[in-house]
Amino acid sequence: MDCDLLVIGAGLAGLVAATEAAARGLKVIILDQEGEQSLGGQAFWSLGGLFFVDSPEQRRLRIRDSMALARQDWFGSAGFDRPEDHWPRRWAEAYLDFASGEKRAWLHAMGMRWFPVVGWAERGGGLATGHGNSVPRFHVTWGTGPGVLAPFIRRAQELRASNALAFRFRHRVDGLIVENGAVVGAHGAVLAADVAERGRSTSRDVTGDFSFRAGAVLVSSGGIGGNHEMVRQNWPRDRLGEPPAFMVSGVPAHVDGRMLAISQAAGGSVINGDRMWHYTEGLRNWDPIWPGHGIRILPGPSSLWLDARGRRFPAPAMPGFDTLATLKAIRATGYDHSWFILTKAIIKKEFALSGSEQNPDLTGKDIPLLLKRLGKNPPGPVQAFVDKGADFVVRNDLGDLVSAMNTLTGEVLLDIEQVRAEVEARDREIDNPFSKDAQVTAIRGARAYLGDKLMRTARPHRLLDPKAGPLIAVRLNILTRKSLGGLQTDLSGRVLELSGKPVPGLYAAGEVAGFGGGGVHGYNALEGTFLGGCLFSGRVAGRAVGA
């Protein structure tokens, strides 16, 4: 054998699994089709949000959380209803134990820290037993995605220096080696060296081939979000309508899903392929890194959300509440885009952009820059999109705004009187502290939470109040991001056949395994759980392999 464990994919889940296994004395080789400059994979680009239950950060903000409440939220969101949800259910129970138990202490001991204001992402559809987070649980890591990766990269480099772990970059796996029903290695192509910066498309020129034999193989190759053809093939038409003709990409092109079919050919089963998590608030990046590069807005609750024809979406299709309900509502219109209408006062306080590169203050741990978020203007990256982004319109007059929105799309889809009626009806609900409007009620409810009142929710005001202006319209695109299904695994990370029998020698972790079990989130995710799923499934597999 060349090693005890061969890890395919040098993202977060792969790094965690590899370092856990190498620390136990196993010899580990990590393969990745990208270069060393892309070490850490998609986690590098993330905001670094982590899901904790009853954390010190929550308690300081008087948030009363509990395992019982988190379980209610998780299972109400997941909606597990299939026979193949057996292992996803078990992974969900195990992950909740981890998130409410040793997860934070484990990461804290490695040096990880979190921003003191806990975010309240994905608030759900309106019922206690349904989808959504009942309380704020989104803990942004100090250092964002790179801060989450740092301790595991440091640990990997230390193990590399002691020859316990080795990297083989620019090694693309084309197949798994199976002998007598067991996976005993992998083979593929060595790609030409390419120094393109992280995230940019790299050469697929082949300079040679390789074959490694191992005691076990762990697949941690990520999802399918960079492969729009595969996204459309798996799109749940019965639940979300037809897939969009146009989408922006929230992940680089190398997030291509190719290891799913390769693992299936070796006997592994893929389940819940139709469950996926794509965002409805995507912007075309004015300064793109990868093809079709999109950035997600993390909105506060106050923007008015209209469809492509200028009709307001009903609850729970509100900013920050129910992603898939809103995605379904958008697809029902027959158009690929929708609109936010808001004011400068709202964008200044409520707009955040997902991603490490869009948050230089948090990523760089720069407190003076962070304090500028409390100033009179939007954060610098947000203002750059307003000034340079292809999806923004700024005007002082509503009629001029709607006219410019039509010009932006190249079609006269919006009628000024329709849009004016929606805006004025919403504004009338602001004039007193009582309202039947679910969004207005939600805005006031958000401000009852100190964290939102300080940093994420603007004071309620009329959109047509000139003091809050100018008016801003934002065209929103559908942005590909996460696949919620994947390789079916048991609670040791072993890949299973459809029969439920383990494939000897084959393990999986991270997004390729649906973050655990082949779909730990079920139909809906709670945010802050994707990185956590990589951490947990990687740790479980790395501690189980060869044991």
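**Helix H17**

I looked up which residues of helix H17 (residues 438–446) are buried, and found Gln439, Val440, Ala442, Ile443 and Ala446. Buried means under 20% relative accessible area, with a 1.4 Å probe and protein chains only. Helices here are DSSP runs (H or I, at least four residues), strands likewise (E, at least two), numbered from the N terminus. Seen down the axis of H17, its buried residues fall within an arc of 160°, so they line one face of the helix. I took the arc from the directions running from the helix axis to the C-beta atoms. What covers the buried residues of H17 includes strand S13 (304–307), helix H16 (416–428) and H18.

**Ground rules**

This is a predicted model: local features need pLDDT of at least 70, side-chain atom pairs count only at pLDDT 80 or more, and totals for chains, interfaces and linings use all residues. Residues are numbered from 1 along each chain as its sequence is written, and side-chain values use heavy atoms, with hydrogens and water left out.

**Largest pocket**

I turned to the largest pocket, which holds about 630 Å³ of space. A pocket is an open set of points on a 1 Å grid over the protein atoms alone, where a 1.4 Å probe fits, with protein on both sides within 12 Å along at least five of seven lines; lining residues have an atom within 4 Å of a point. The volume is the space filled by probe spheres set on the points, which are joined across faces, edges and corners. I noted 35 lining residues, with Gly119, Leu298, Ala352, Met455 and Arg456 closest to the centre. Strand S4 (138–140), strand S12 (294–298), helix H11 (344–350) and helix H18 (450–455) each give two or more residues to the lining. H18 gives the largest share, three residues.

**Ser354**

I found Ser354 in the loop between strand S15 (352–353) and helix H12 (360–363). Ser354 is buried, at 12% relative accessible area. Beyond its neighbours within four places in sequence, Ser354 is in contact with Leu47, Ile295, Arg296, Leu298, Asn359 and Arg481. Contact means heavy atoms within 4.5 Å.

**Ala10**

Ala10 sits in the loop between strand S1 (3–8) and helix H1 (12–23). I have Ala10 as buried, at 2% relative accessibility. Its C-alpha atom is separated by 6.4 Å from that of Gly41, 31 residues apart along the chain. Among the contacts of Ala10, leaving aside neighbours within four places in sequence, are Ile30, Asp32 and Gly41.

**Cysteines**

I searched the whole structure for disulfides (cysteine sulfur atoms paired within 2.5 Å). The search finds zero. Cys3 is buried at 2%, and Cys534 is buried at 12%.

Methods:
Buried < 20%, exposed > 50% of the residue type's maximum accessible area, 1.4 Å probe, protein only.
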